[in-house]
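Visitor: Before we start, please show me the model. I will ask what each label rests on.

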Amino acid sequence: MTEDRGHTICIHNGFLWNSADETRPSLGGLFIENGRIARLLTPRDFAAARSVADESFDARECLLLPPLFDGHVHSTATLLRGTENSFPLELWSYYAINYGRGFTDRHVQSAIMLTAAEMIRNGIGGYIDHFPPTHFAQAALAAHLKSGLRVGFAPFFADLVDEQILAIPIADRLTERFLPKARRQPEDIFDLFVGLRGMLRGDRTVTLLAGPNAPQRCSERLWSLWLRLRQDLDIGSHTHLLETWPQAVHAKSRWPGGMVARLDEAGLLDSRLSVAHGVWLSGEDRVLLAERGVTLVHNPVSNLMLGSGALDVRAALEAGVPLALGSDSANTGGRHDLFEIMRQMLSAGRSAGSDYDRWITPIEAFRAATGGVRALGADVATPPLSTGSPADVLLLDPNAAPTVAAPLTLDSVVRHADARSVHALMVGGAWLYRDNRIEVFDESAVNAEAKVCAEAVRLAAKEALPDLLEIHRAFRPWYGAAFSTAVCTQCGQRAPTRAEIPVKSERCP
């Protein structure tokens with residue numbers, strides 16, 4: 001779907017978010033032309049703007065805000081709700097790969113459209129789809145183009161597996177069985193991206209990104225490919241970064257100067273890169289990410305659901321790292337619901353006895369929930385709801401049940417709003433949602449198709465259950481040994497949740 005380029009719209013009688021006063025919106029509106037905001041309106045402009053616009057929309061005192069942006073998603077996982085999510089990442093991944101082997105083009109497109117429906121109803125105007133099954137990339141991109149959302153499409157690439165790099169003692173036949181289906185040769189991967197770029201000619205809502213699975217899962221030749229994709233195709237990139245403790249231990253061994261420093265040496269750190277998780281970043285890592293303008297995507301629910309650890313959000317903000325929020329896989333992070341994830345971020349670090357002056361504030365959470373769009377590039381990274389910026393607008397009803405008793409402030413939105421608050425959503429000057437109805441596709445048909453496809457995927461996955469049980473038996477002792485290294489180098493106490501390497505216990509003298 002392309003932005004609406006010929007239609008003019010006057011949105012009036014709303015309370016406009018103003019970056020000069022980020023806590024208390026003011027009465028105003030927007031005049032939209034060619035898919036962009038032509039000018040901001042004050043109440044005295046309303047009558048004249050309505051008289052010349054092709055369409056006039058009464059916001060009915062709704063809040064006019066930038067849409068929420070989900071900075072890290074795996075869209076195909078939206079079909080996998082109700083499947084396993086009570087295992088550590090390294091073990092959970094075998095289940096995810098197994099389900100993925102039952103997908104077809106039809107299942108991929110169903111998952112993407114279901115993801116889009118949920119996002120739209122939750123006021124999310126765009127997201128980064130870090131997409132594993134790249135043999136379905138063309139079908140996935142076709143679905144994204146129908147969704148109306150502003151999407152950063154980042155197909156995976158990798159040529160190393162966890163069994164190799166983390167020394168997980170899985171039998172070779174099981175490693176082969178659960179090997180992800182993906183292109184591994186640099187030229188094949190490059191050709192895939194060239195073809196995808198060709199599908200995007202004339203579209204301004206979907207942005208192609210390089211999507212290395214994770215730096216440690218790529219050999220040096222794929223690091224070189226990563227750089228080539230960025231330079232030759234002029235695209236940004238998105239990847240996982242230091243998500244779990246075993247990954248952090250491996251990274252320290254493979255790159256003694258640090259993984260983040262090595263990425264910088266390779267020319268891969270800049271404002272067109274976003275990284276997901278970063279649970280085990282060091283202080284030096286955070287400073288380097290901030291200096292290069294790399295966006296760090298915080299995924300609080302999936303981090304805790306998979307036992308990966310908790311990001312030190314305050315430390316990242318104090319270092320100046322641009323922060324975004326992500327919902328990750330629906331079979332780990334739950335709903336694609338940034339209202340809930342903002343509240344998860346808000347509670348970060350509020351442990352008993354902590355310094356309440358350093359607790360996360362609502363405006364910090366709101367900035368993170370809307371700022372991830374910067375990773376899509378300069379064209380959409382202009383200040384939101386400003387003259388010349390894309391006409392991406394979220395209208396929230398302050399009289400909906402969650403906020404009707406609250407003051408008209410952004411604090412109230414962050415603390416109390418949910419999907420019931422969403423009144424309308426526009427991306428690129430095109431309405432995606434109004435009057436409790438998705439306007440860009442048939443939501444009921446999407447839901448019916450998803451039910452059929454999800455059942456088929458679950459059925460196809462059952463055959464591998466005996467092999468997964470065998471993996472469990474090998475995994476548990478490895479996992480226990482991996483965390484035996486998470487000890488203070490001075491006093492020997494275990495401290496597996498500290499985001500520093502070497503780890504130091506809180507109780508170390």
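Visitor: How many residues of the lining of the largest cavity are nonpolar, polar and charged?
Guide: The lining divides into 20 nonpolar, 13 polar and 10 charged residues. Ala, Val, Leu, Ile, Met, Phe, Trp, Tyr, Cys and Pro count as nonpolar, Asp, Glu, Lys and Arg as charged, and the others, Gly among them, as polar. This is a predicted model, in which local features need pLDDT of at least 70, side-chain atom pairs count only at pLDDT 80 or more, and totals for chains, interfaces and linings use all residues. Residues are numbered from 1 along each chain as its sequence is written, and side-chain values use heavy atoms, with hydrogens and water left out.

Visitor: What volume makes this the largest cavity?
Guide: Its volume is about 870 Å³, while the second largest cavity has about 40 Å³. A cavity is a set of points on a 1 Å grid over the protein atoms alone where a 1.4 Å probe fits but cannot get out, and lining residues have an atom within 4 Å of a point. The lining of the largest cavity has 43 residues, with Ile97, Pro132, Phe156, Pro180 and Asn213 nearest the centre.

Visitor: Which element gives the most to the lining of the largest cavity?
Guide: α2 does, with eight residues. Helices are DSSP runs of H or I, at least four residues, and strands runs of E, at least two.

Visitor: Why are α3 and α18 called oblique to each other?
Guide: Their axes cross at roughly 130° and come within 9 Å. Angles under 35 degrees count as roughly parallel, over 145 as roughly antiparallel, 65 to 115 as roughly perpendicular and the rest as oblique. α3 and α18 are therefore oblique.

Visitor: Which residues of α3 make the contact with α18?
Guide: Arg106, His107, Ser110, Met113, Leu114, Ala117 and Arg121 do, and α18 contributes residues including Glu443, Val446 and Ala450. Contact means heavy atoms within 4.5 Å. By class, the contact has nine nonpolar, three polar and four charged residues.

Visitor: Why does the word oblique also apply to α15 and α16?
Guide: The two helices pack at about 135°, with axes 9 Å apart. Under the cut-offs already given, α15 and α16 are therefore oblique to each other.

Visitor: What are the classes of the residues in the contact of α15 with α16?
Guide: Leu338, Met342, Met345 and Leu346 of α15 meet Pro362, Glu364, Ala365, Phe366, Ala368 and Ala369 of α16. These divide into nine nonpolar, no polar and one charged.

Technical notes
Axes are lines fitted to C-alpha atoms, for helices over the stretch in contact, and angles run from 0 to 180 degrees between N-to-C directions. On a 1 Å grid over the protein atoms alone, a cavity is a set of points where a 1.4 Å probe fits but cannot get out, and a pocket is an open set with protein on both sides within 12 Å along at least five of seven lines; lining residues have an atom within 4 Å of a point. Grid points are joined across faces, edges and corners, and a volume is the space filled by probe spheres set on the points.
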